[in-house]
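Q: Please show me how to read the features of a protein model, one at a time.

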Amino acid sequence: MRFCTSISTALAATALLCNAAAGPAVWAQGLPEQGFRIITTGTLGNCIACHALPGQRDLPSTFGPSFDKIGSRYDAHALRQWIVDARVLKPDTLMPPFGTTQGTNAFVRAQSMLSEEQITHVVAALQTLR
């Protein structure tokens with residue numbers, strides 16, 4: 001059964017990535033300014049701890065992939081999946097899930113690190129990076 005689950009997860013991830021490359025543009029309805037605030041705030045998303053942001057000064061990170069032109073590489077659905085739970089797309093990722101607590105070993109956490117609204121703002125911000 002686990003094998004079937006792995007296959008269906010892999011197929012869903014492949015479909016999501018293919019849609020990002022070939023499908024029509026889907027835009028998040030969030031506010032990019034709010035998204036960039038979340039991306040750069042240490043107590044919120046703190047994305048710049050691992051990802052370089054175009055134009056970032058003062059020690060841009062190279063641990064995770066750069067956000068340069070990320071809006072051209074992925075549509076809103078794929079970007080949201082990377083943020084909510086990147087393990088669906090890349091099971092061996094080191095990126096923490098920001099939109100779920102399922103399958104995490106975090107000490108008692110009543111809610112995900114980012115709300116649905118915050119994730120929508122981050123997706124909108126990332127889509128502007130073309």
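A: Let us begin with exposure: a residue is buried under 20% relative accessible area, exposed over 50%, and partly exposed in between, using a 1.4 Å probe and protein chains only. At 25% relative accessibility, R87 therefore counts as partly exposed. D85, in contrast, is buried, with a relative accessible area of 12%.

Q: On what conventions does such a reading rest?

A: This is a predicted model, in which local features need pLDDT of at least 70 and side-chain atom pairs count only at pLDDT 80 or more, while totals for chains, interfaces and linings use all residues. Residues are numbered from 1 along each chain as its sequence is written, and side-chain values use heavy atoms, with hydrogens and water left out.

Q: What average pLDDT does the chain have?

A: pLDDT is the predictor's confidence in each residue, from 0 to 100. The chain averages 82, and 77% of the residues score at least 70. Over residues 1–23, pLDDT stays under 50. Where pLDDT is low, the predicted coordinates should not be read in detail.

Q: How many salt bridges are there?

A: Side chains of opposite charge can pair when their charged atoms come close. The rule for a salt bridge is a side-chain nitrogen of Lys or Arg within 4 Å of a carboxyl oxygen of Asp or Glu. By this rule the count is two. In one, E116 pairs with R80, the closest N and O atoms being 3.2 Å apart. This pair links distant parts of the chain, since E116 is in helix α5 and R80 in helix α4, 36 residues apart; helices are DSSP runs (H or I, at least four residues), numbered from the N terminus. In the other, D85 pairs with R87, with closest N and O atoms 2.7 Å apart.

Q: Which residues of the largest nonpolar core touch the most other members?

A: A nonpolar core is a set of buried Ala, Val, Leu, Ile, Met, Phe, Trp, Tyr and Cys residues joined through side-chain atoms within 4.5 Å. Of the 20 residues in the largest such core, I39, F67, I83, V123 and L126 touch the most other members. Helices α2 (32–40), α4 (76–85) and α5 (116–127) each supply at least two of its residues, and α5 gives the most, with six.

Q: Why is α5 described as largely enclosed?

A: Nine of its twelve residues are buried, so α5 is largely enclosed by the rest of the structure. The cover over these buried residues includes α2, α3 (70–73) and α4.

Notes. Contact = heavy atoms within 4.5 Å.
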